[in-house]
Amino acid sequence: MGDLEEKSAAEKDVEEPGRAPGAIWTSTAKEKEDPKAKEWPFPAMHYMPAYTDDVDPLKEAFGNDIVSDGDLSGKPVVYIHPDRALDVLSHAKKTLGFEHLSFVSCCDYPKEGILEMHWQLYSYSTGRHLVVKAHLDRDGAKRVASVTPLWTGANWHEREAWDLFGVRFDGHPDLKRIFLPDGWRGHPLLKDYDETEQFIGMDERGEDVVYDTPGPGRW
């Protein structure tokens, strides 16, 4: 029973109000006592002081462009100003040794009015992780620099974020939808996506065409 009680207490701690669903955190006394925790504005991450040696060099290099830092499931996280994304990620790769971009992704937080960009980095040589995040104005231009000049593998990741969330990546070599045809209206992973039916057919050249109504050869 002791183990079950300890597990139950840990689970209860994870589910504290204010934490995003699915986010797993280890609460500490320092976290609860730190006054910064009460002012923590980011919905996807509960405040926790950073512990990694990789965060301080980024702060030294970019100053106030590093908005804040913390920890996510044992991985250090830094929040940055979106207009410095390419510079910060370039520094992380070329100076700090994070040679691998694991993925680029996005989350939608309509109540907060933001789209949260995620870049997860990894160093094969040292086994270190670094998560870089930035907030885009959900109702604004939703633009950020493409990181394809640093990692060519970001190409399809960024096309996915454009297709499903509507994020535009400045400098991308060929930013077009990757799942849906070009004529598709809306971006399906936005929480307020209009689910009015659309139908796909083909023209005489074999290209996808989007229609408002069903018909022969449309699905």
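1. A141 lies in the loop that joins β5 and β6. In this predicted model, the residue is exposed, because its relative accessible area of 55% exceeds the 50% cut-off for that class. A141 and R168 are separated by 27 residues in sequence, and their C-alpha atoms are 8.0 Å apart in space.

2. The term buried here denotes a relative accessible area under 20%.

3. Strand β5 pairs with β4 (residues 114-122) in the antiparallel sense, over nine bridges. Within this pairing, Q120 has V131 of β5 as its bridge partner. The hairpin of β4 and β5 has six residues between the strands, and G127 adopts a positive phi near 75 degrees there.

4. Strand β5 also pairs with β2 (residues 75-80), here in the parallel sense and over four bridges. The bridge partner of Y79 in β5 is K133.

5. Which residues of helix α4 (residues 85-94) are buried? They are A85, V88, L89, S90, H91 and A92. As a general point, an α-helix has 3.6 residues a turn, so residues three or four places apart point the same way.

6. The packing of α4 brings the description back to β5. The buried residues of the helix pack against β5 and also against β1 (66-72), β2, β4 and β6 (143-145). Helix α3 (55-62) is a further packing partner of these buried residues.

Notes. Residues are numbered from 1 along each chain as its sequence is written. This is a predicted model: local features need pLDDT of at least 70, side-chain atom pairs count only at pLDDT 80 or more; totals for chains, interfaces and linings use all residues. Side-chain values use heavy atoms; hydrogens and water are left out. Two strands pair if DSSP finds at least two bridges between them. Helices (H or I, at least four residues) and strands (E, at least two) are DSSP runs, numbered from the N terminus. Buried means under 20% relative accessible area, exposed over 50%, partly exposed in between (1.4 Å probe, protein chains only). Contact means heavy atoms within 4.5 Å.
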